[in-house]
Amino acid sequence: NTPDGVFFVIVNVMRVKIRLPETVVRLWAAVKNNWLLGISVLISLIALLLSEAAHENQTWRSAAHVLIASYCIIVLFFITWKMIEKTRYGNFSINLSLIAATVTALLLRQYWTAIALIIVYCINELLAKFGIAQSQKQLNLLISTRPHSATLLKGRKNNQVTVRQIQ
């Protein structure tokens, strides 16, 4: 039995039922479609493993820092390119502050801060896409429920007319 209007995904794992609301399922689908977020988290985990494996060996820690820095530079290139393309068509972006903060973090050798900023950017993009999709869904629902006819009262007569005929 599921509550009305809510779709649940039931996952059976060793006789344990985990119920995820439809919103969580949709959000997970969006995360899977946002490859940049997935790669960013993966790079962070790999760098964390390299950094933790370092203990006393500075080479592994340096490898983690090089991995993070090179990945951040590549992502910054794509973010900058996307921002320039949007600006050319009149859509302005707030990514300049993110780019400046990430470059500053890299210059100050705060590599974990830089990758955290990239992950925040990815989550921001994900939430923006999710918000736009929800807005479009609600707008389409509103348009589909608009009235197609109206009742005109003239004296004691009721006339059914289309909405276009009303002035």
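Visitor: In the hairpin of S3 and S4, which residue takes a positive phi?

Guide: Good place to start! This is a predicted model, and in that hairpin glycine 155 takes a positive phi near 70°. The hairpin has 2 residues between its strands.

Visitor: How many bridges join strand S3 to strand S4?

Guide: There are 6 bridges between S3 (residues 149-154) and S4 (residues 157-162), and the two strands run antiparallel. To follow the pairing, look at serine 149, which stands opposite threonine 162 in S4.

Visitor: How do I read the way two helices pack, say H2 and H3? At what angle do their axes cross?

Guide: Start with the distance and the angle between the axes. H2 (residues 35-54) and H3 (residues 58-88) have axes that come within 7 Å and cross at roughly 165°. An angle over 145 degrees counts as roughly antiparallel, so H2 and H3 are roughly antiparallel to each other. The crossing of H2 past H3 is left-handed. On the H2 side, the residues that meet H3 include Leu36, Ile43 and Leu50, while those of H3 include Trp60, Leu67 and Tyr71.

Visitor: Which way do H4 and H5 run relative to each other, roughly parallel or roughly antiparallel?

Guide: H4 (residues 95-107) and H5 (residues 111-144) pack at an angle of about 160°, with axes 7 Å apart. H4 and H5 are therefore roughly antiparallel, and H4 passes H5 in a left-handed crossing. Among the residues making this contact are Leu98 and Ala105 of H4, and Ala114 and Leu117 of H5.

Visitor: Now a single residue, please. Is serine 44 buried or exposed?

Guide: The idea is to compare its relative accessible area with a cut-off: under 20% means buried. Serine 44 has 12%, so serine 44 is buried. Across the protein chain, buried residues make up 22% of the 167 residues.

Visitor: What does the side chain of serine 44 reach, and which residues is serine 44 in contact with beyond its neighbours within four places in sequence?

Guide: Serine 44 lies in helix H2, and its side chain reaches the backbone oxygen of serine 40 at 2.9 Å. Leaving aside neighbours within four places in sequence, serine 44 is in contact with Trp112, Ile115 and Ile119.

Methods
Residues numbered from 1 in each chain as written. Predicted model: local features only at pLDDT ≥ 70, side-chain atom pairs only at ≥ 80, totals over all residues. Heavy atoms only, no water. Pairing = 2+ DSSP bridges. Helix = DSSP H or I, 4+ residues; strand = E, 2+ residues; numbered from the N terminus. Buried < 20%, exposed > 50% of the residue type's maximum accessible area, 1.4 Å probe, protein only. Polar contact = N/O pair within 3.5 Å; in protein donor to acceptor, adjacent residues only side chain to side chain. Contact = heavy atoms within 4.5 Å. Axes fitted to C-alpha atoms, helices over the stretch in contact; angles between N-to-C directions. Parallel < 35°, antiparallel > 145°, perpendicular 65-115°, else oblique. Left-handed = near helix turned anticlockwise from the far one by under 90°.
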